[in-house]
Amino acid sequence: MRRSVEDLNRFYATPEGQVVQRLVGLRLRDQWNDVRGLDVLGIGYTTPYLDPFNEARRVLQAMPAGQGAEIWPADLKVRAALVEEEALPFPSALFDRILMVHALEESPSPQNLLLEAARLLSPNGKLILCVAARGGLWAHAEKTPFGYGQPYSRGQLENAVREAELEPMAWSHALYVPPVRSLLRWANTLERVVPHIWPLTGGLILMEAGRRPFVATTAKAAQKSLLPELRGVLAPAGAPVPTSRNR
């Protein structure tokens, strides 16, 4: 069962949620630093992360029916839609960038959701999956949305991406600070230092993927051997026959 949109909204209003929004947002902006002229889609609950991409040509948010939807943005024409996650109401290959947050972990059919996201991705498009890391501290913190649903290891996420006919391109961890309020003030320092000491302790995995490159191949024509044709020329057909001279 998915966390409701009210639960997610309340979490991002807490100090923990503000830290998550800031740290993950920095990673996303580093990865997608220029989206001008592109179409961007958020799947799941991506409201805290889409505002920096307003310079894109189009920014939309698809919010699963099991989660519920909210008005976003509040001061502009609404660009959020309530959707059935296994049948997203958009034409194929429409979006250049797709961001998925709070999407796979609680989905009743995560692979079908990922297949739908792959369908919507343009030929040169990129997708970023942000999921709770298996074994990370945030996946065990039930006071946060990351403590619910199915967390992923890097290998599991790569397999899921490839089964959706996508190819992993880059990945990183985020949220090295434990989900303890008294330690949140050290979040920026830990985010810089810990990856150099123990890089596999982040609470979230961010994986970027794109369409699998198409490689055309043709069957190589079998080379015809010349030996059968030359055998009759190189080898004598029979014993030599002496010739006679007319006197």
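**First stop: the cavity**

The lining of the largest cavity divides into one nonpolar, two polar and three charged residues (Ala, Val, Leu, Ile, Met, Phe, Trp, Tyr, Cys and Pro count as nonpolar, Asp, Glu, Lys and Arg as charged, the others, Gly among them, as polar). To see this lining, select R2, R3, L8, Q67, H102 and E106. A cavity here is a set of points on a 1 Å grid over the protein atoms alone where a 1.4 Å probe fits but cannot get out, and lining residues have an atom within 4 Å of a point.

Before moving on, note that this is a predicted model, where local features need pLDDT of at least 70 and side-chain atom pairs count only at pLDDT 80 or more, while totals for chains, interfaces and linings use all residues. Residues are numbered from 1 along each chain as its sequence is written, and side-chain values use heavy atoms, leaving out hydrogens and water.

**Next: α4 and α5**

Show helix α4 (residues 110-120) and helix α5 (residues 154-163), whose axes come within 9 Å and cross at roughly 55°. Which residues make the contact? Pick Q111, L114 and L115 of α4, with A160, V161 and E163 of α5 (contact means heavy atoms within 4.5 Å). By class, these are four nonpolar, one polar and one charged.

Now display helix α2 (residues 15-31) and helix α6 (residues 187-197); their axes come within 11 Å and cross at roughly 40°. On α2, select V19, R22, L23 and R27, and on α6, A187, N188 and E191, to see the contact. This one has three nonpolar, one polar and three charged residues.

Definitions and conventions:
Axes are lines fitted to C-alpha atoms, for helices over the stretch in contact, and angles run from 0 to 180 degrees between N-to-C directions. Helices (H or I, at least four residues) and strands (E, at least two) are DSSP runs, numbered from the N terminus. On a 1 Å grid over the protein atoms alone, a cavity is a set of points where a 1.4 Å probe fits but cannot get out, and a pocket is an open set with protein on both sides within 12 Å along at least five of seven lines; lining residues have an atom within 4 Å of a point.
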